[in-house]
Amino acid sequence: MNVTFKNAMLHDLNEIMDVIKTAIKNMNQNNIPQWDALYPTSEDFKDDIAKGCLHVGMVDSKIAVVYAVNKECDEAYKNGKWKSYDGEFCVIHRLCVNPNFQNQGIARKTLEHIEETQRKRGVKSIRLDVFSKNPYALKLYAHFGYEKVGEAEWRKGLFYLMEKQLG
């Protein structure tokens, strides 16, 4: 399956929000209460678009995946025992595979794309947080070599802070 990655634009917002709402419903059906009406919101995505850090992966003109990459992180990221402190890191936020495209290798292709793009930019490590009750995301990130470096407690519960050093 061919995935074409591009910067998200405001005209993509309605489709992005449809993907997010479908993903929330799907996660809830799988007992993963990670996201809800309070987060993430269309305002979060509008802000990401304005900053130029929101990306989509397209398959046959449909959004198959959404994610943001930047250097922003919550205050709780101070709880991480990060291996890279030189400022050459990025953070993945709100990575969401459209449920209609799950189990088709989209997440794998997306992580490979993110890592390759960031490596070319001179980034030394990628950071993220993952909900402790999301076994699919935990398995994905572990498979890709992301290591748990700390924990954060947020409104929805325990999240693991993870990092991968780029070679």
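**Close-up views of helix 1**

**View A. Helix 1 and helix 2 pack at an angle of about 135 degrees, with their axes 10 Å apart.** The contact (heavy atoms within 4.5 Å) is made by Leu13, Ile16, Met17 and Ile20 of helix 1 with Ser42, Phe45, Lys46 and Ile49 of helix 2. Axes here are lines fitted to C-alpha atoms, for helices over the stretch in contact, and angles run from 0 to 180 degrees between N-to-C directions. The two helices are therefore oblique to each other; angles under 35 degrees count as roughly parallel, over 145 as roughly antiparallel, 65 to 115 as roughly perpendicular and the rest as oblique.

This is a predicted model, in which local features need pLDDT of at least 70, side-chain atom pairs count only at pLDDT 80 or more, and totals for chains, interfaces and linings use all residues. Residues are numbered from 1 along each chain as its sequence is written, and side-chain values use heavy atoms, with hydrogens and water left out.

**View B. Helix 1 spans residues 13-29.** Its 17 residues reach 24 Å from first C-alpha to last, close to the 24 Å expected at 1.5 Å a residue (1.5 Å times one less than the number of residues). After the helix comes Asn31, with a positive phi near 55 degrees.

**View C. Which residues of helix 1 are buried?** They are Leu13, Ile16, Met17, Val19, Ile20, Ala23, Ile24 and Met27 (buried means under 20% relative accessible area, exposed over 50%, partly exposed in between, with a 1.4 Å probe and protein chains only).

Technical notes. Helices (H or I, at least four residues) and strands (E, at least two) are DSSP runs, numbered from the N terminus.
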